[in-house]
Amino acid sequence: MASSCCGVKKQKLNNSMPSICNGSVSGGHSSYHKNGYSVILPEMCYFCFDVLHGYLHNYEPPRSNPPFTNEAFPLFVTWKLGRERRLRGCIGTFSPTSLHSGLREYAVTSAMKDSRFEPITKEEFPKLHCSVSLLTHFEEGLDYLDWELGSHGIRIEFINEKGHKKTATYLPEVAVEQGWDRIQTIDSLLRKGGFKGPITPEVRKSIRLTRYRSEKITIAYTDYVAQKQNGNA
């Protein structure tokens, strides 16, 4: 099931739709090592740029396998725009998804189908930054405060005022970027998930929380172009 994770702009969460999120600032990456090698690589963002460029210019990007693992992970793709890194789209899934097909799908879905924003245009493409986040180390929290700011992403399940089960998530960087503490983050996440009633201590205590970590790589368009030029040299 796909999910949403951005704290910047109010949005609806539709449990049947891909998830929407907030990416990181440009530059650098954190590496998840498995069997002695790094899973997350810059090539994942280069691939997303290739896929989106093909979509915007109406051609099919190369179907050859990209140069990174095709293991299955929950993942998110985030697009940000310009020097201010303004969010332009972020959608992903909590279902483990093969990276080749998953990044091909969510590179476009996050750019063109994030309901909070207009689709990304050709003119914006040279100003983009792309982030790929792989979600790992899922753990059930003991309560709604059983997680660490800046280290854990969180996904909550709760019953809204109409008795319907709802879910919502934030990636690890969202609370820190917004300057929230844990209670402010939980309250924002309840609103993001559509809870419209008073947020009381009892409501917070009724939450089922899952914490996770996110391994992330971020690449700017200029890095993408440099990589393409080096590859053609």
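The structure holds zero disulfides, a disulfide being a pair of cysteine sulfur atoms within 2.5 Å. The model is predicted: local features need pLDDT of at least 70, side-chain atom pairs count only at pLDDT 80 or more, and totals for chains, interfaces and linings use all residues. Residues are numbered from 1 along each chain as its sequence is written, and side-chain values use heavy atoms, with hydrogens and water left out.

A disulfide is a covalent bond between the sulfur atoms of two cysteines. Cys48 is in no disulfide either. Its nearest cysteine sulfur is that of Cys130, 4.3 Å away. Cys45 is buried, with a relative accessible area of 0%. Here buried means under 20% relative accessible area, exposed over 50%, and partly exposed in between (1.4 Å probe, protein chains only). Cys48 is buried as well, at 0%.

The buried interior was then examined for nonpolar cores. A nonpolar core is a set of buried Ala, Val, Leu, Ile, Met, Phe, Trp, Tyr and Cys residues joined through side-chain atoms within 4.5 Å. The largest has 34 residues. Met44, Trp79, Leu103 and Leu134 have the most contacts inside it. Five elements each supply at least two residues of this core: α1 (42-56), β5 (72-81), α2 (99-112), β7 (128-140) and β10 (208-220). Helices (H or I, at least four residues) and strands (E, at least two) are DSSP runs, numbered from the N terminus. Helix α1 gives the most to the core, with nine residues.

Helix α2 was considered next. It has 14 residues. From its first C-alpha to its last it reaches 19 Å, close to the 20 Å expected at 1.5 Å a residue. The expected span is 1.5 Å times one less than the number of residues. Twelve of the 14 residues of α2 are buried, so the helix is largely enclosed by the rest of the structure. The buried residues include Leu99, His100, Leu103, Arg104 and Tyr106.

Aromatic rings were compared in pairs. A pair of aromatic rings is described by the distance of the centres and the angle of the planes. Rings of Phe, Tyr and Trp (its six-membered ring) pair if their centres lie within 6.5 Å; planes under 30 degrees apart count as stacked, over 60 as edge-to-face and the rest as tilted. The count comes to 14 aromatic pairs. In one of them, the rings of Phe49 and Trp79 have their centres 5.2 Å apart and their planes at 80 degrees, so the pair is edge-to-face. Phe49 lies in helix α1 and Trp79 in strand β5, so the pair ties together parts that are 30 residues apart in sequence. Phe49 is buried, at 0% relative accessible area. Trp79 is buried too, at 0%.

The rings of Phe158 and Phe195 have centres 6.1 Å apart and planes at 80 degrees, so this pair is edge-to-face. Phe158 lies in strand β8 (residues 153-159) and Phe195 in the loop between α4 (182-192) and α5 (201-205), so the pair ties together parts that are 37 residues apart in sequence. Phe158 counts as buried, at 3% relative accessibility. Phe195 counts as buried at 7%. Ring pairs also link Phe49, Trp79, Phe125, Tyr221 and Tyr224 into a cluster.

The charged end of Arg155 sits over the ring of Phe94, 5.1 Å from its centre. The rule requires NZ of Lys or CZ of Arg within 6 Å of the ring centre and within 35 degrees of the ring normal.

Asn58 has a phi near 60 degrees, a positive value in a residue other than glycine. Asn58 is placed in the loop between α1 and β5 and is exposed, with a relative accessible area of 70%. Arg85 is not a glycine, yet has a positive phi of about 55 degrees. Arg85 lies in the loop between β5 and β6 and counts as partly exposed, at 27% relative accessibility. Ser95, in strand β6 (residues 86-98), is partly exposed at 29%. Ser95 and Ala72 are 23 residues apart in sequence and 8.7 Å apart in space, C-alpha to C-alpha.
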